[in-house]
Amino acid sequence: MKRRAISLALASLFAVSFAGTASAAPMVIKFSHVVANDTPKGKAAEFFAKRAGELSNGNVKVEVYANSTLYKDKEEMEALQLGAVQMLAPSLAKFGPLGVKEFEVFDLPFIFGNTAELHKVTQGPVGKMLLDKLEAKGIRGLAYWDNGFKSFSANKPLKAPADFRGVKMRIQSSKVLEAQMRALGSLPQVMAFSEVYQALQTGVVDGTENPISNLYTQKMHEVQKHLTLSEHGYLGYAVIVNKKFWDGLPTDVRAQLEQAMKEATEHANKIAQAENDAALDAVRKSGKTTVYTPTPAERLELMKATAKVHKEMESRIGKETIEAVQKETGFDPAKL
Ligand code: LMR
């Protein structure tokens, strides 16, 4: 993979420098991601590509590689740092392995009560402070894109904490998600998104968590008999670029891309809820998965069972970061 990444890095360097000299060839920006085109992130990436082309009068060509066709989760971060790809939008749960553990604050169970509370963070000073931490890794954070709140799925109903005991749950590469699953008594397994469907199908894992748009577009509902609309945590994205690449862009091109990103972010955040609602309808219609909405009392049980994760993860995420987010959202697990 390393050799492939390096040759791609060279190829992309040529693509960029050619565009600087020869007027005919557009500058190519490779935007890699792991979900289907027909998802909030997939649609926002396509929207960005379209607007970047229009606003730059065709001087920039954004090539979107969806569904892990170019890189899987872990590889894409390496590829971005190497310059083999210029733009990504990894979920906020995937920045820990990069060394920016503070992003795992977004994974804390129940920390956001709704999208308005979330936006206070992603569109305010705390969100900016977090994006700024990426600079030290050679990465510039451009925006946050919404997906939505996660549901649990498995082949058995997951309602009360006791139902989770011993269940093998696929998670993203976040220590907070690991702690959340352990707090519920389940057995977390980190796995690339591209491998989840097969792992569920073959029983390598029993269940998982994701917003419904991800579940449905990967056909996970075909191999998961039960879905609990628990909304126990949030999944969204940071759109990131290779800093050297971004800083090296001609000022006018960068301004065009910033405008395209601004519009794409508005678009992403506008469509995310509707995409998830449509996916939920489609899952219900498929008849393959029983959808369960927990009662307020059941949700409270899940909250109580996972509340300790906030304290446990203080040493990893940083007390100040957790408190800064809790201050915006008003959620205090100690008061449950
Ligand atoms: C996952 O791995 O479950 C998600 O991060 C996929 C995505 O990018 O939405």
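The legends below describe views of a predicted model, first the whole protein chain and then one residue.

**View 1. Helices, strands and overall dimensions of the protein chain.** The protein chain has 14 helices and 11 strands, where helices (H or I, at least four residues) and strands (E, at least two) are DSSP runs numbered from the N terminus. Its radius of gyration, taken over C-alpha atoms, is 20 Å, close to the 20 Å that the globule rule (2.2 Å times the number of residues to the power 0.38) gives for 336 residues, so the chain is as compact as a globular protein of that length. Along its principal axes, the C-alpha trace spans about 65 × 45 × 35 Å.

View 2. Among contacts (heavy atoms within 4.5 Å) between residues at least 6 apart in sequence, 76% join residues at least 24 apart.

**View 3. Residue T265 and its surroundings.** T265 lies in helix α10, which covers residues 251-286, and counts as buried because its relative accessibility is 15%. When neighbours within four places in sequence are left aside, T265 is in contact with A143, Y144 and W145.

**Notes to all views.** Residues are numbered from 1 along each chain as its sequence is written, and side-chain values use heavy atoms, with hydrogens and water left out. Because this is a predicted model, local features need pLDDT of at least 70 and side-chain atom pairs count only at pLDDT 80 or more, whereas totals for chains, interfaces and linings use all residues.

Methods: Buried < 20%, exposed > 50% of the residue type's maximum accessible area, 1.4 Å probe, protein only.
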